[in-house]
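I wanted to get to know the aromatic rings in this one, so I opened my notebook and started looking things up.

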Amino acid sequence: QVQLVETGGGLVQAGGSLRLSCAASGRTFSAYGVGWFRQAPGKEREFVAAISRSGTTYYADSVKGRSTISRDNPKNTVHLQMNSLKPEDTAVYYCAANPGASTSYKWYDYWGRGTQVTVSS
């Protein structure tokens, strides 16, 4: 079992930045790939970014160039730095974990409860 807790969400103006964190407890975190997904009201959950066990990163086109995913294995934490935020980035952001990494939310077995990100125009 892996337990995940997201932090770092909040209200920010357009053009601002946020750093989301996903803290894991349980099994050896370094053995897991981690993905970030988001879900806005009335919309499907969508992929944002992912990082594999080896550190390979993947980004959705909508955030590429504005976001950076990184992992700190000794601290069992994955970060998602988001810059130049836009109102359309408003959503609940979830982190998920599974051995390996994928851009599909169906791949992941373990999920956090999410953190709200609201970007005002």
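Below are my entries on the ring pairs and the charges over rings.

Before anything else, I noted that this is a predicted model.

**Ring pairs.** How many aromatic pairs does the structure hold? I found 6 aromatic pairs. I looked up Tyr32 and Tyr110, and they pair edge-to-face, with 6.1 Å centre to centre and 75 degrees between the planes. Next I checked where the two sit along the chain. Tyr32 is in the loop between strand 3 (18-26) and strand 4 (33-39), while Tyr110 belongs to strand 10 (residues 110-111). That puts the partners 78 residues apart, so I logged the pair as a link between distant parts of the chain, going by how strands are numbered here. Buried or exposed, I wondered about Tyr32 and Tyr110? Both are buried.

**Tyr94 and Trp111.** I turned to Tyr94 and Trp111, which also make an edge-to-face pair: 6.4 Å centre to centre, 75 degrees between the planes. This pair links distant parts of the chain too, with Tyr94 in strand 9 (residues 91-98) and Trp111 in strand 10, 17 residues apart. Tyr94 counts as buried because its relative accessible area is 14%, under the 20% cut-off. Trp111, at 27%, is partly exposed.

**The cluster.** I traced the ring pairs onward and got a cluster of Phe37, Phe47, Tyr94, Tyr108 and Trp111.

**Charges over rings.** Trp111 came up again: the charged end of Arg45 sits over its ring, 4.8 Å from the centre. I also noted Arg71 over the face of Phe29, 5.0 Å from the ring centre.

Conventions:
Residues are numbered from 1 along each chain as its sequence is written. This is a predicted model: local features need pLDDT of at least 70, side-chain atom pairs count only at pLDDT 80 or more; totals for chains, interfaces and linings use all residues. Side-chain values use heavy atoms; hydrogens and water are left out. Rings of Phe, Tyr and Trp (its six-membered ring) pair if their centres lie within 6.5 Å; planes under 30 degrees apart count as stacked, over 60 as edge-to-face and the rest as tilted. Helices (H or I, at least four residues) and strands (E, at least two) are DSSP runs, numbered from the N terminus. Buried means under 20% relative accessible area, exposed over 50%, partly exposed in between (1.4 Å probe, protein chains only). A charge sits over a ring if NZ of Lys or CZ of Arg is within 6 Å of the ring centre and within 35 degrees of the ring normal.
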